[in-house]
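The sequence and structure are shown first.

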Amino acid sequence: EQYDSASLHGKLKEYFGFSSFKGNQEAVIRNVLEGKDTFVLMPTGGGKSLCYQLPALLMDGVAIVISPLIALMKNQVDAMRTFSAESGIAHFLNSSLNKTAVTQVRSDVLAGKTKLLYFAPESLTKEDNVAFLRKIRISFYAIDEAHCISEWGHDFRPEYRRIRPIINEIGPAPLIALTATATPKVQLDIQKNLGMSDAAVFKSSFNRPNLYYEIRPKHDVDREIIRFIKQNEGKSGIIYCLSRKKVEELTELLVANGIRALAYHAGMDAATRAANQDAFLMERVEVIVATIAFGMGIDKPDVRYVIHYDIPKSLEGYYQETGRAGRDGGEGHCLTFYSYKDIQKLEKFMQGKPVAEQEIGKLLLLETVSYAESSMCRRKTLLHYFGEEYTEENCGNCDNCRHPKPRIDARAALRMALEALRDLGDKFKTDYLINVLVGKNTALIKSYGHNKSKWFGAGAEHDARFWGAVLRQALIMGLVDKNIENYGLISINKRGEDYVAMPYPVTVTLDHDYDEEEKEAEA
Ligand code: ADP
Ligand code: ZN
């Protein structure tokens, strides 16, 4: 069936009560209606669910929706039922249902009442479910939170890897995969694993212009937080800490300082947790101190600040958590306290985990360090990480743009780094190149014989920090590519070659040296 714009809008209004589509929704929905594979990258709150809900209602057969969390599934099904007079319109099948309930669901599906059938991946793979699904007509498969497929996402679930083989068993139908995690690496993993390399990709911007990003050295952090809260009296804020113990200590400290604050972490009993969350939502307290357990699915539009007492272990985490500020489009201050010691602590936590996981964890941590220490625009850096180019010189809404460090000429240095990289090839990481340039004789460098290369020590007049800033600039300028398959390896590209042939003026700002800046501030 064909839908022109008016009739599609009519259906949107009829089923959901909305008068217009948000962002890419209409284009996505048209692609799904045409029976093509679709990949949707959209930040949280962008309206992903509608991208499969509306086509499911319009198409013949049942849409199979795979979603990782039983609680979220239940919310969605309840929401769908409020739109429809037919209570069988949406169902879920998971381990929480008893036999009678399962029979009821199946009879609704067979009777053609059901348009959306939700599964957790582990239920989808159950044999009797597979046998049942083989009997029915499937309009398409929607894979929500598709980043769960990737070990490079923030929520890897091995069961997600079994989705494709199971779909093959059940029978083919178009796929729509959706996620709010958009690093190029995760994107590649998803498309490969689901066998949808040719899917139409709809990627929304991840920029949140109203969020102010700030990193401060982690020094006297308790006092700084108390001062910050008092300066923002009456506004709602979330403070994230790494450990439950810290959550409790800090909550006590804040309360002792006359601040209305409550704690939230997974070690508390469910009733207390729910009560504290409610108190925050209903604004009986202004601050919630929490571990990252807090926030999933919470929609408080006027959170005015998010403070990270400890730096998150990945930029995905940072983006998700800071993203809970300013949902209403109003002010949102994202303040993170950073100390390299915390990075070392996070590294220590990883010990004992499987080697592959540790390696990934370390590379993700390096990205976090690089973000925190860089004096480049935070927004530019963050969006670049998500594969998005931000072209404004100055975003005007991050600490580095509002308080820029002096820029220094880096034309010669950039050219040298690019030439050296060209000679090294595409098998090395940034820190390897830096070590070559500053002439650090590591075992690895010796094993490749690069200590004899003409580039060894060629950049020794600058230190490693300087070269780090130069190479980050090269990445952001698109002169150097990051290898997505072998994460961390870098290589020069065509634009980089052009730069070497004809360099133009480039300036960089040196990374923050927070220990040094602190000493200066005290003096
Ligand atoms: P996501 O899954 O991307 O985080 P949701 O699907 O939960 O986002 O949608 C976020 C909010 O936006 C929901 O409250 C939803 O009802 C609303 N929404 C979705 N599409 C529209 C639209 N076209 N017009 C108005 N509101 C919408
Ligand atoms: Zn900026």
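Glu-224 lies in helix α10 (residues 221-231), helices being DSSP runs of H or I with at least four residues, numbered from the N terminus. From Glu-224 to Arg-415 the C-alpha to C-alpha distance is 42 Å, and the separation in sequence is 191 residues.

This is a predicted model, in which local features need pLDDT of at least 70 and side-chain atom pairs pLDDT 80 or more, while totals for chains, interfaces and linings use all residues. Residues are numbered from 1 along each chain as its sequence is written, and chains are lettered from A and ligands numbered from 1 in the order in which they are written.

The shell around ligand 1 includes Phe-18, Lys-22, Gly-47 and Lys-48, a residue being near if its C-beta atom, placed from the backbone, lies within 6 Å of the molecule. Helix α3 (residues 48-58) gives the most to this shell, three residues.

Helix α1 (residues 5-16) packs on α3 at about 100°, with the axes 11 Å apart. The two are therefore roughly perpendicular, the term for angles of 65 to 115 degrees. The contact (C-beta atoms, placed from the backbone, within 7 Å) involves these residues:

| Helix | Residues in contact |
|---|---|
| α1 | Lys-11, Leu-12, Tyr-15, Phe-16 |
| α3 | Leu-50, Leu-54, Leu-57, Leu-58 |

Notes:
Axes are lines fitted to C-alpha atoms, for helices over the stretch in contact, and angles run from 0 to 180 degrees between N-to-C directions. Angles under 35 degrees count as roughly parallel, over 145 as roughly antiparallel, 65 to 115 as roughly perpendicular and the rest as oblique. Two residues are in contact if their C-beta atoms, placed from the backbone, lie within 7 Å.
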